[in-house]
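Please look through the sequence and the model below. Then read the short report that goes with them.

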Amino acid sequence: MQRQVGVSLVELMVALVIGAIIILGAGQLYLSALTTFKQVEALSRRQDTLMFVVETLIRDMRNAHYISPEHDAVRLTVPRDALSSCATPDLDKRYYLNPAPSGGYSLSLSECMTPGGWKISQPLISGFHDEKAFSVEARGDGRYQLTLVLDAENAQGRETMVFNVQNRVAALARHDTGIVPTGDD
């Protein structure tokens, strides 16, 4: 009797099935990791944009000489910075929601009020559900509450972010003289 040398057909089929399962598992793991990476990257971009907008708006509110909350916007007068193309010593700015081309609303910034209207306008961040998703409320003594309601990334509702801002000009005026500047309340 001769001994069989090599692999039987049954052994070969079992090895192919095991190999296919391992390859499919590795492929699924790769696709899952790729999807997670893309979601994290999109969330990171959104957070970076949101942080830029909030920091810019809060900085302007803290340094403003005049703040006028409107029902769907906020108008500020801030010292002009070196990057501004406006010729005035103070810079008028207006943050407001504007319909976005992709649907929904975007927070926009207009600056440099001239007799012909606002000189510069630009969208800052999109993802607002409606025109009521941005508000600034005066809380007295130079304090303001900034509220942003963004559509959630996972389409499961809204994300509401609330920030409390203290206007430095009002705080210094109150500290030095006990008087709060006009336009604060």
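The report covers confidence, strands, salt bridges and a surface patch.

## Model and confidence

This is a predicted model, in which local features need pLDDT of at least 70, side-chain atom pairs count only at pLDDT 80 or more, and totals for chains, interfaces and linings use all residues. Residues are numbered from 1 along each chain as its sequence is written, and side-chain values use heavy atoms, with hydrogens and water left out.

pLDDT is the predictor's confidence in each residue, from 0 to 100. The chain has a mean pLDDT of 82. A value of 70 or more is reached by 87% of its residues. Among the elements, H1 has the highest mean, 91. Helix H2 (residues 168-177) has the lowest, 72. Helices (H or I, at least four residues) and strands (E, at least two) are DSSP runs, numbered from the N terminus.

## Paired strands

Two strands pair if DSSP finds at least two bridges between them. Strand E1 (residues 66-69) pairs with E2 in the antiparallel sense, over 4 bridges. A hairpin of 3 residues joins E1 to E2. Ile67 stands opposite Leu76 in E2.

E2 also runs antiparallel to strand E3 (residues 90-99), with 7 bridges joining them. Here Arg75 has Arg94 in E3 as its bridge partner. Strand E2 (residues 73-79) is mostly covered, with 5 of its 7 residues buried. Buried means under 20% relative accessible area, exposed over 50%, and partly exposed in between (1.4 Å probe, protein chains only).

## Salt bridges

A salt bridge is a side-chain nitrogen of Lys or Arg within 4 Å of a carboxyl oxygen of Asp or Glu. The whole structure has 5 of them. Glu70 forms one with Arg94, their closest N and O atoms being 3.4 Å apart. Glu70 lies in the loop between E1 and E2 and Arg94 in strand E3, so the pair ties together parts that are 24 residues apart in sequence.

Asp60 and Arg59 also meet in a salt bridge, at 4.0 Å from N to O. Asp60 is buried, at 5% relative accessible area. Arg59 is partly exposed, at 42%. Arg59, Asp60 and Lys93 are linked in a network of salt bridges.

## A nonpolar patch

Which residues form a nonpolar patch on the surface? They are Val7, Leu9, Leu12, Met13 and Leu16, with about 530 Å² of accessible area together. Patches are made of residues with over 30% relative accessible area and no salt bridge: like charges are joined within 9 Å, nonpolar side chains (Val, Leu, Ile, Met, Phe, Trp, Tyr) within 5 Å. Accessible areas come from the Shrake-Rupley method with a 1.4 Å probe; for residues, only the protein chains shown count as cover.

Val7 sits in the segment before helix H1 (9-63). Val7 is exposed, at 61% relative accessible area.
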